Structure formats: C-alpha cells, structure tokens
Amino acid sequence: MRRSLGLMCAAMALPLAACSAGGSTDGGDDLTQAEARAQVEDVVRDVLAAAAPDVEDGLSDTTEVPCGGLGGNEWNKVKYSLESIDGIAVSDHEASLEAAQALIDERGWELTPRDEALSFSTGTVSGTVFVRASGVLVSVESECIDNDES
C-alpha cells in the first residue's frame, strides 16, 4: 500500500512540475509586459534594418498571445509575437542574409543557420529571418511571461 501511494504521488507531481515550469526560460519571467513588447519590436526593427536596409517601415502590429495553463491557451501568461510584412524585396538575397547574420553575430545572439533562413535567440526573444525569392520576412516571439492583467 505504501509503495503504490508513493508511486501515485510521484505520478501526480510530474505534471504539476511541468505546469509550474511553463514555457519560460532564461529569465523571461523577470521582464515586464512592456519590456517584452519593446524587445520584440526592437529586435524585428534591427534585424529588418540589417537584412533590408532600404525599407522604411515593414512592421505589422505586435500580437499578445496566451501561453499559460495546461493547454497553453490561458491568459495568466502571455508572449508577444511580431512579424515584418512578408515579401519585402531585396536586390541581393545572399547579401541580405549575410547582413542579418553579421548583426546577430555582432550582438552575440545564439544563431542556427538554415536553408534561406537564420534562427536566432537573444535569451528572452527568439526569431527567424527568412530570405527567399519572394523577399525578406522577420518573425520574432518573446518568452512566456506573467500577465499583469490576469
């Protein structure tokens, strides 16, 4: 009886530990919502300026996305997502990708090169730069953070 009770408690504790860990890593919970939103916008703006320097305004609106709870759809935690406008034309795709990589390297961000794309992480923000025939797209997302409004 004791053995099965211990196993039952351990089995119940694992899902709770997974819930409490949430989707946050690298100190995402230390950011305020305003700081997370600002970081996402700054990173997209900077990477886009490197990859497509002739573009003056290629940003869409920042989106607040729920990421709390078991299914990741509760508003007790949120993350911010922002993409540039898709298909921003550049004359030299290779130079565009190299310029984005140079910025990422210069900032000391973690980099994962892929075909026609670069995935990167700043520690609290992660994103991808796509350079394709249709143009440049920068997509960035913050870590999950506590929702001050819930």
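Biologist: What joins the side chains of lysine 77 and aspartate 146?

Modeller: A polar contact of 2.8 Å. The term covers a pair of N or O atoms within 3.5 Å; within protein, one must be able to donate a hydrogen and the other to accept it, and residues adjacent in sequence count only if both atoms are side-chain atoms. This is a predicted model, where local features need pLDDT of at least 70, side-chain atom pairs count only at pLDDT 80 or more, and totals for chains, interfaces and linings use all residues. Residues are numbered from 1 along each chain as its sequence is written, and side-chain values use heavy atoms, with hydrogens and water left out.

Biologist: Why is lysine 77 called buried?

Modeller: Buried means under 20% relative accessible area, exposed over 50%, partly exposed in between (1.4 Å probe, protein chains only). Lysine 77 has 13%, so it is buried.

Biologist: What makes cysteine 67 and cysteine 144 a disulfide?

Modeller: Their sulfur atoms are 1.8 Å apart, and a disulfide is a pair of cysteine sulfur atoms within 2.5 Å. The pair links distant parts of the chain, 77 residues apart: cysteine 67 lies in strand 1 (residues 63-68), cysteine 144 in the loop between strand 6 (135-142) and strand 7 (145-146). Strands (E, at least two residues) and helices (H or I, at least four) are DSSP runs, numbered from the N terminus.

Biologist: Are the two cysteines buried or exposed?

Modeller: Cysteine 67 has 12% relative accessibility and therefore counts as buried. Cysteine 144, at 5%, is buried as well.

Biologist: How many helices and strands does the protein chain have?

Modeller: Three helices and seven strands.
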